[in-house]
Amino acid sequence: MSRPSRGVVFTESLAQVGAAALFLFSILGAIPQSLRHLRETARQIWFVGAMSLVIIMTCGLFIGMVLALQLYYTLSIFGGTAALGTVVALSLFRELGPVVTALLFAGRAGTSITAEIGLMRATDQLSAMEMMAVDPLAYVVAPRFIAGIIAMPLLACVFNALGILGAHLVGVSWLGLDNGTFWGNMTASVDVWKDVVNGLWKSLAFGAVIALIATFQGYTTPPTSEGVAHATTRTVVTSSIVVLALDFVMTAFLM
Amino acid sequence: MTQQRRSFQVGTGLFILLGFAALAYLATQTTSIANYREGATFTVKARFTNIGQLKLRAPIKIAGVRVGSIKSITLDGQTLDALVELSIDSRYSDLPDDSGAAIFTSGLLGDQYVALQPGGSPDVLKDGDEIVLTQSSMQIEDLIGKFLVSGDAPKPNTTASEPTAPTGSEPPKPQ
């Protein structure tokens, strides 16, 4: 097996991007039809959202705690530990909440979506559906896509809330900051629209991107066990890169 | 089967509920909306020649205790001074009408707030009244300027001679 030349690799990845974009349009086209399968969508929200709660909550708590510790150290150099609540809340809402949730979501839910759809492809279940005049895009792909878009912002909110509680735990209960200062400075500088909703837009976009990549990789996987394995890996790698790149672009625009 | 379907439906509902509860918590408890929780308030006006960095919703304090917030800041077109509307909790409605208002800074670099200094008049401030005794924000630039000018006696001489020295040396520069 000879190594493909650079030009072929480039053309190949360009074709993947184009195919993913076309796939997005066919999902969007299948969404009206998939509204008849609302129960399936609800089941997918349960699967990608509710089942991810434990990891999201645990990680949110620890991220909040470590953020409080690190920022306390940094702020104490400038004698500004009173701003701990503000800094933790702003970095969580604007940046870490959506991004870390998206990375965890890609690892927890994205992989299982890819593996599930990939196995359906490998075991010809998708073809069987087509034979029975059931559009797999409407019955399998679109519900998972919608579920990803709905679940991501909710998970990011839970992550943020637990992060704030973790920071409060470390900052107030452990490091002895004043409770009133912690909340007072936070509520004085955090804005609903500029900070909380800004993070929500990000997590919405990340949810759509991850759901698209996961379903696309699963749907187009080579129907072998090796193909499914590679597709799952590609889901995590591609989602992480795209999420971080998109995060930069969105931050620049939403500033 | 029905039992299983029921349980995931309940779980999905719980998850969505939890997500929105977290959002509501973030929006109301950690942001500036938390400061809106005020019951009945009354509004009094105060004029300042300089409000410094005073912002909307900045706290109003009596003896260091928060009693209200800044409702609006506008420039009076006639007198050209800042007209600030103070929204004060109705529980503190028996403020004497000769109370003073001053703009202070919390800490060296903190945010600015309005401090009310209660007077001794038997009449109380009513909704729409104006506080006459006001003290503007302390501008750190003005303080530094005053300090530099009145620092020591020989300084005025040197500062006075300073402008002449550059003007004397300036004509050769263009050539």
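Predicted model: local features only at pLDDT ≥ 70, side-chain atom pairs only at ≥ 80, totals over all residues.
Residues are numbered from 1 along each chain as its sequence is written, with chains lettered from A and ligands numbered from 1 in the order in which they are written.

**Exercise 1. Find the residues of the largest nonpolar core that touch the most other members.**

Step 1. Start with the terms: a nonpolar core is a set of buried Ala, Val, Leu, Ile, Met, Phe, Trp, Tyr and Cys residues joined through C-beta atoms within 7 Å. A residue is buried if 20 or more other C-beta atoms, placed from the backbone, lie within 10 Å of its own.

Step 2. The largest such core has 75 residues, and A:Val88, A:Leu155, A:Val158 and A:Ile210 touch the most other members.

Step 3. Helix 6 of chain A gives the largest share of this core, 23 residues. Helices here are DSSP runs of H or I with at least four residues, and strands are runs of E with at least two, numbered from the N terminus.

Step 4. A second, separate core has 21 residues, B:Ile51 and B:Tyr113 among them.

**Exercise 2. Work out how helix 1 of chain A is oriented against helix 6 of chain A.**

Step 1. Take the axes, which are lines fitted to C-alpha atoms over the stretch in contact, with angles from 0 to 180 degrees between N-to-C directions. The two axes come within 8 Å and cross at roughly 100°.

Step 2. Because 65 to 115 degrees counts as roughly perpendicular, helix 1 of chain A is roughly perpendicular to helix 6 of chain A.

Step 3. Now look at who touches whom, with contact meaning C-beta atoms, placed from the backbone, within 7 Å. Helix 1 of chain A contributes residues including A:Ile27 and A:Ile31, and helix 6 of chain A residues including A:Tyr139 and A:Phe145.

**Exercise 3. Trace the strand order of the sheet in chain B and name its edges.**

Step 1. Chain B has three helices and eight strands, running α-β-β-β-β-β-β-β-β-α-α from the N terminus.

Step 2. The eight strands form an open sheet of order 7-1-4-3-2-6-5-8 with mixed pairing; two strands pair if DSSP finds at least two bridges between them.

Step 3. Strand 7 (130–131) and strand 8 (133–135) of chain B are the edges, each pairing on one side only.

Step 4. Strand 1 (residues 41–48) of chain B runs parallel to strand 7 of chain B, joined by two bridges, and B:Ala46 stands opposite B:Ile131.

Terms used:
Buried ≥ 20, exposed ≤ 12 C-beta atoms within 10 Å, placed from the backbone. Parallel < 35°, antiparallel > 145°, perpendicular 65-115°, else oblique. Contact = placed C-beta atoms within 7 Å.
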